[in-house]
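Colleague: Hi! Could you walk me through this one?
Modeller: Happy to, let's look together.

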Amino acid sequence: MTPDTGFTDRPTRVAIVGGGLAGMSAAEALARSHPRKFRITLLEAKRQTGGRAGSFQDPVSGEPVDYCQHVAMGCCTNFLELIGRCQLQDSFHRYSALQFLHPDHLPSSFAASRWLPPPFHLAGTIASLQYLSRSQKNQLRHGLWRLMRTKTDDLRQRTAADWLAANGLL
């Protein structure tokens with residue numbers, strides 16, 4: 001123990017359960033802000049970290065298939081900041097367009113317009129999604145319009161499901 005603080009000089013052991021983006025971000029934040037204060041163990045049940053953000057190799061085509069489109073398109077700004085702090089930018093490939101696959105429909109291209117501001121930048125993409133009905137496309141457009149008109153403060157401390165239900169979209 002040190003006389004002035006009453007704490008030992010040994011680092012506090014911290015276990016973070018879950019190696020998804022949130023768990024990895026928590027570990028990085030603790031390590032960065034208190035480099036000698038904590039000994040961090042990150043626990044993940046799967047063989048690799050990443051949680052719901054990742055890719056796999058399609059056994060038929062051999063092509064990589066991404067299952068977290070926001071990450072692949074660089075929309076997750078917190079994730080981009082994390083890989084920047086960890087100096088992993090060269091390990092991340094950012095896509096400007098994706099192909100959405102559905103077993104009963106042709107592939108649908110998904111790319112934001114470079115000329116329109118959000119959420120209008122998705123108008124063309126929404127119209128071209130093969131696997132959505134006209135009604136579903138209209139519901140998606142309506143939801144984006146409502147979300148765009150919602151004040152940021154009205155979204156704090158609210159889940160997506162709560163917001164969708166309150167706006168008649170769930």
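Colleague: Let me start with a glycine: which residues does Gly51 touch, not counting those up to four places away in sequence?
Modeller: This is a predicted model, so keep that in mind throughout. Gly51 touches Gly19, Gly20, Lys46 and Tyr67, leaving out residues up to four places away in sequence.

Colleague: And where is Gly51 placed?
Modeller: Gly51 belongs to the loop between β2 and β3, the latter being residues 55–57.

Colleague: How exposed is Gly51?
Modeller: Gly51 has a relative accessible area of 23%, so Gly51 is partly exposed.

Colleague: Okay, new topic: strands. How do β1 and β2 run, parallel or antiparallel?
Modeller: Strand β1 (residues 12–17) and strand β2 (residues 38–43) run parallel, and six bridges join them. Ala15, for instance, stands opposite Thr41 in β2.

Colleague: What does the chain pass through on its way from β1 to β2?
Modeller: The chain goes through helix α1, residues 21–33. This β-α-β crossover is right-handed.

Colleague: Which residues of α1 are buried?
Modeller: Gly23, Ala27 and Glu28 are buried in α1. Looking down the axis of α1, the buried residues fall within an arc of 130°, so they line one face of the helix.

Colleague: And what do the buried residues of α1 pack against?
Modeller: They pack against β1, β2 and α3.

Colleague: Then tell me about α3. Which of its residues are buried?
Modeller: In α3 the buried residues are Phe79, Leu82 and Ile83. They cover an arc of only 90° around the axis, which puts them on the same side of α3. Helix α3 covers residues 77–85, and Phe79 counts as buried because its relative accessibility is 16%, where buried means under 20%.

Colleague: What comes with a positive phi after α3?
Modeller: That is Gln87, which follows α3 and has a phi near 55°.

Colleague: Last topic, aromatics! How many aromatic pairs are there?
Modeller: The count comes to three aromatic pairs. In one of them, Phe100 and Phe110 have ring centres 4.8 Å apart and planes at 15°, so the pair is stacked.

Colleague: Why does that count as stacked?
Modeller: Because the planes are at 15°, and planes under 30 degrees apart count as stacked.

Colleague: Which parts does the pair tie together?
Modeller: Phe100 lies in strand β5 (residues 97–102) and Phe110 in strand β6 (residues 105–111), so the pair ties together parts that are ten residues apart in sequence.

Colleague: Are those two buried or exposed?
Modeller: Phe100 is buried, with a relative accessible area of 16%. Phe110 is buried too, also with 16%.

Colleague: And how do Phe100 and Tyr131 pair?
Modeller: Phe100 and Tyr131 form a tilted pair, 6.3 Å centre to centre with 40° between the planes. Tyr131 is in the loop between α4 (123–128) and α5 (134–148) and Phe100 is in β5, so this pair ties together parts 31 residues apart in sequence. Tyr131 counts as partly exposed, at 23% relative accessibility.

Colleague: So which residues form one aromatic cluster?
Modeller: Phe100, Phe110 and Tyr131 do.

Conventions: Residues are numbered from 1 along each chain as its sequence is written. This is a predicted model: local features need pLDDT of at least 70, side-chain atom pairs count only at pLDDT 80 or more; totals for chains, interfaces and linings use all residues. Side-chain values use heavy atoms; hydrogens and water are left out. Two strands pair if DSSP finds at least two bridges between them. Helices (H or I, at least four residues) and strands (E, at least two) are DSSP runs, numbered from the N terminus. A crossover is right-handed if, with the strands pointing away from the viewer, the path from the first strand over the helix to the second runs clockwise. Rings of Phe, Tyr and Trp (its six-membered ring) pair if their centres lie within 6.5 Å; planes under 30 degrees apart count as stacked, over 60 as edge-to-face and the rest as tilted. Buried means under 20% relative accessible area, exposed over 50%, partly exposed in between (1.4 Å probe, protein chains only). The arc is that of the directions from the helix axis to the C-beta atoms. Contact means heavy atoms within 4.5 Å.
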